[in-house]
Amino acid sequence: MPTHPFSRRGFLRSGAALAGAAAVAPLSALPVSAAGDLTVGFIYVGPKDDFGYNQAHAEGAAAVKAMAGVTVVEEENVAETTDVQKSMESMINFDGATLLFPTSFGYFDPHILEVAPKYPDLRFEHCGGLWSADKHPSNVGSYFGYIGMGQYLNGIAAGHATKTKKIGFVAAKPIPQVLLNINSFLLGARAVDPSITCQVIFTGEWSMAVREAEATNALADGGADVITCHVDGPKVVMETAASRGCFLCGYHADQSPLAPDMYLTGAEWNWAQVYTDMVTTTMNGGSIDNFVRGGLAEGFIKMSPLGPAVSDAARAQFEATKAEIMKGGFAVIKGPLKDNAGNVIATEGQAFAETDVALESMGYLVEGVIGSTS
Amino acid sequence: MTDLGIWAVPLAILAGAIRVSTPFLFVSLGEVLTERSGRINLGLEGTLVFGAMSGYAVAYLTGSPWAGVLAAAVAGALFGLVHGLICSLPRVNDIAIGIAMMILGMGLAFYFGKPFVQPVAPDLPAIPLGWWSDLPQVQAALQVNVLFLIGAAAAFAMWWMFRATRVGLIIRVVGDSTDAARAMGLRPALIRTLATAAGGAFAGVGGAYLSLYYPGSWNEGISSGQGLMAVALVIFARWNPVACFGAALLFGGAGALGPALQSVGVSEGYYLYYAAPYVLTLGVLIATSSPHRAMTGAPGELSITK
Amino acid sequence: MTDHGISGPATGAPLRAMLARVARRAEAVVLPLAALMAGFAVFSLFLLMQGKSPAEFFSLVYKAGFGTAFSWQNTLSRTAPLLFAALCVALPARLGLVVIGGEGAIVLGGLAAGALGVSLAGAPAAVALPLMALAACVVGGLWIGSVGALRYLRGVNETIASLLLAYIAIALMNHLVEGPLRDPASLNKPSTAPLADALRVGDMPGWDVHWGLLAGIAGCVLAWALIDRTTWGFAARIAGGNVRAAQVQGLPVGRLILGFTALGGAFAGLAGFFEVAAVHGSANASLASGYGYTGILIAFLARHNPLAIIPVAILLAGFEASSGLVQRRMDLPDATTLVLQGFVFVAILISETLYGRLRIFAPERWSTR
């Protein structure tokens with residue numbers, strides 16, 4: 001292996017020999033918090049009141065804050081750059097945080113993977129990452145929820161509500177978690193009526209208000225009459241869709257206050273339970289699993305209460321399917337199924353249960369979704 | 001609902017032009033007023049964002065969106081006034097002050113705007129001008145906001161003002177030659193400051209449109225550079241208010257291209273379609289600029305065209 | 001005024017000459033510092049009006065920005081891209097050009113370095129890293145150089161053109177990173193394929209700060225030498241004062257404009273190179289994280305003096321390094337740092353009007369009462 005001075009590995013090795021005391025000095029100077037007390041740090045990529053992704057996490061953090069013996073420190077609008085690395089270290093060095101929840105997808109590689117090895121006694125819990133034992137440090141964990149199941153249930157409500165047989169999805173970027181949501185939304189609707197199609201429009205950004213509004217209008221112009229989304233803050237999509245007379249399915253958090261009459265239901269995170277569980281485990285001296293996943297049954301996600309526009313038939317199918325999902329092992333992606341370019345995704349009898357890790361590297365849109373992944 | 005097929009694209013561009021253009025229109029009108037007096041205010045992005053915040057906050061607190069618009073105009077005028085006063089000092093760079101005021105405006109807007117992200121403020125009213133059509137797409141496209149109509153009227157009024165009124169003449173003289181203005185007994189610094197303040201008020205109203213109508217909510221990402229782009233549109237429009245109206249419509253329409261193409265099935269390379277407004281603006285700038293003569297319509301005292 | 005002790009040319013000449021020299025030099029240091037203090041003062045008033053303690057604020061800024069070894073590492077590791085980004089503004093500014101689209105060159109420079117690095121996976125670092133850096137420089141240089149070319153050849157306003165090109169660059173980068181150049185294994189954060197470990201730029205020995213900082217400082221010194229110590233720089237200063245006069249004197253204005261904008265763009269491209277090679281390990285959307293815009297602020301605060309960029313960049317990086325602690329301890333929104341930057345920026349620009357007007361710094365006016 002080349003030992004060029006610019007090589008990170010090379011330096012790590014020689015750095016030890018050079019007794020790089022300065023580099024590790026802050027470690028030994030960690031402020032020690034009072035016995036039994038735990039300081040937990042939460043880092044958000046956007047504002048924590050965005051009606052969406054970050055708010056869902058901040059609501060979880062608020063639940064942790066209410067626990068006895070726990071101090072919560074938070075930082076919002078932290079970019080997926082050196083910023084987040086230093087925010088983590090700042091929480092560790094100045095606040096004595098020993099359990100960190102950097103919540104954005106993009107924080108994982110390389111940022112958490114860069115910082116975690118420097119603090120082997122601390123715990124880094126990341127939302128959405130794909131932790132694997134042979135590649136990643138053992139003090140890093142990843143957790144996520146089967147929110148696609150929520151979008152499947154959204155789809156069932158949408159399938160009953162749509163009159164045009166066309167539903168719409170405003171999406172940020174074509175990444176696996178988003179694609180799974182789009183596919184689940186359509187397949188839920190097709191469980192009601194197989195002729196339904198779903199138009200997707202990618203905005204290309206996690207948060208860009210005017211473009212999200214334009215995308216929503218384009219969906220409505222194209223005839224979609226039930227709309228959901230996967231962007232960081234769904235407020236603009238929900239308000240715009242409601243003003244166009246479309247029904248809404250929420251995402252990330254409960255958006256029903258924005259348009260109570262048009263809101264059917266929504267797929268929400270339930271981080272309060274996940275976070276309080278993890279903090280309790282840590283305080284009791286236990287260890288959190290490195291790879292944690294859960295769905296409706298485990299309380300990782302929940303559905304918004306069904307709105308007034310949901311028909312009795314819809315309600316019945318919704319509740320029946322939800323009960324089915326609660327039993328575990330439910331598969332949304334199951335054969336026979338093709339993608340929207342005609343390739344076979346699953347043959348007759350083949351099924352990808354919600355727990356299947358293969359779903360987390362999804363790269364296709366299923367037949368019936370109008371849109372493309374690049 | 002009727003499927004319009006490929007005709008959905010031009011309709012979406014028209015609809016987008018009407019929906020999206022208003023902030024560009026107001027900011028560029030404000031900038032025309034300022035630049036015609038011989039100053040450039042590059043900080044209207046900050047004014048726009050602060051206008052969006054203050055408009056939303058006041059509309060929420062009073063329950064009246066028009067009170068919000070008024071508040072945004074007043075806040076914008078204050079920002080313009082500060083910019084104008086600072087630039088009246090000798091050897092202060094108006095472009096740099098603009099960038100500084102942009103940072104300050106955005107900082108203050110985000111700082112004071114925190115408590116107003118969650119509440120829902122009342123929207124500005126729109127007039128349904130599409131009643132004659134059976135197509136819901138056309139009806140939706142022709143939901144025209146009152147501010148759009150006011151902006152269009154203001155564009156023509158400002159054009160007339162520069163052409164035919166004494167105030168317009170004074171602003172033009174000050175903008176074309178400080179010396180000539182002094183010889184006429186005018187006070188260039190005062191007039192420029194007032195023009196910048198008035199320009200700021202326009203930009204503030206543009207911001208209020210963003211937060212109170214389309215997309216109609218306040219958050220830190222509400223503006224994606226509309227205030228900065230509007231400054232580019234002024235050069236594009238050759239300092240002519242009526243041309244600003246056209247430029248704003250064009251830019252708004254080009255912005256609708258990305259979503260519209262995806263909705264009719266042209267879904268690959270959407271980032272490139274989203275860049276269309278910028279490419280278009282740059283192309284027109286390149287095509288219409290010339291190294292040999294000052295740009296037609298450019299005020300003589302303007303720092304960026306000297 | 002403290003000129004009473006200076007009685008006349010006969011007796012006080014050497015002392016007076018020395019004082020005059022000190023006074024002339026002092027202006028360039030005292031005025032910006034005074035303006036900085038004025039900016040802090042206004043910001044303190046702002047905090048007091050919110051019922052927050054300025055003393056607590058500034059002590060937290062000191063603690064988290066400069067107070068401990070970790071704080072310094074935090075500050076300095078944020079400094080590197082800012083140095084390069086500021087040079088992209090400061091160099092064209094010597095010619096009177098206001099370029100605000102350095103972000104575009106950072107993004108495309110980083111993308112070029114990342115994409116080239118992927119195809120150089122097996123090459124020795126000593127060859128591959130300079131090539132990647134060169135690619136970043138060339139792409140960044142072409143991008144901002146084209147702004148200069150448009151300005152000179154077509155008279156297109158450089159401020160607007162560079163801004164438009166920055167939006168276009170970001171769209172191009174997103175398109176390539178999520179399309180043709182995407183590593184299929186980059187699941188939830190679309191990126192180019194990761195660089196080989198050997199092609200990563202590491203930290204400086206004993207520091208948790210990558211080599212980009214040293215390179216950035218070297219870049220500032222080089223830029224200073226170019227402006228202050230070469231005929232090229234001299235010609236640029238004349239052209240910046242008055243383009244028409246420069247052309248009359250036969251200075252190659254076109255080449256100067258092209259050269260300075262391209263060089264500025266090349267520096268911005270290097271910022272992208274270090275972001276990819278030292279921080280991210282691949283090119284992705286995080287390249288567009290606003291360094292180019294902070295660079296504008298720094299260059300103006302440093303009055304486009306490349307050497308002054310170094311302390312100013314460190315100061316601003318310190319503000320940003322401390323913003324998290326301020327957020328956590330004082331319950332202030334993260335926009336507080338932006339407000340502070342705004343006040344300081346305005347104050348420094350206002351101070352421009354004082355240069356050459358205060359008698360204390362103008363020895364030739366000491367005796368005229």
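pLDDT is the predictor's confidence in each residue, from 0 to 100. Keep that scale in mind for the views below, which all show a predicted model.

**View 1. Confidence along chain C.** Chain C has a mean pLDDT of 90, with 96% of its residues reaching 70 or more. Among its elements, helix 4 (residues 102–119) of chain C has the highest mean pLDDT, 97, while helix 9 (residues 243–248) of chain C has the lowest, 73. Residues 1–10 of chain C have a pLDDT below 50, and this stretch makes seven contacts in the model beyond near neighbours in sequence. Where pLDDT is low, the predicted coordinates should not be read in detail.

**View 2. An open sheet in chain A.** Follow the seven strands in the order 12-10-9-8-6-7-17; their pairing is mixed. Strand 12 (301–303) and strand 17 (369–370) of chain A each have a single partner strand, so one side of each is left without a neighbour in the sheet. Helix 9 (residues 235–243) of chain A packs on the sheet, where it touches strand 6 (166–171), strand 8 (226–230) and strand 9 (247–252) of chain A.

**View 3. Strands 10 and 12 of chain A.** Strand 10 (residues 263–269) of chain A runs antiparallel to strand 12 of chain A, and three bridges join them. Look for Ala267(A), which stands opposite Met303(A) in strand 12 of chain A.

**View 4. Where chain B meets chain C.** Here 39 residues of chain B are in contact with 35 residues of chain C. Helix 4 of chain B gives the largest share of chain B's side, 13 residues. By class, that side has 31 nonpolar, six polar and two charged residues.

Notes:
Residues are numbered from 1 along each chain as its sequence is written. Chains are lettered from A and ligands numbered from 1 in the order in which they are written. This is a predicted model: local features need pLDDT of at least 70, side-chain atom pairs count only at pLDDT 80 or more; totals for chains, interfaces and linings use all residues. Helices (H or I, at least four residues) and strands (E, at least two) are DSSP runs, numbered from the N terminus. Two residues are in contact if their C-beta atoms, placed from the backbone, lie within 7 Å. Two strands pair if DSSP finds at least two bridges between them. Axes are lines fitted to C-alpha atoms, for helices over the stretch in contact, and angles run from 0 to 180 degrees between N-to-C directions. Ala, Val, Leu, Ile, Met, Phe, Trp, Tyr, Cys and Pro count as nonpolar, Asp, Glu, Lys and Arg as charged, and the others, Gly among them, as polar.
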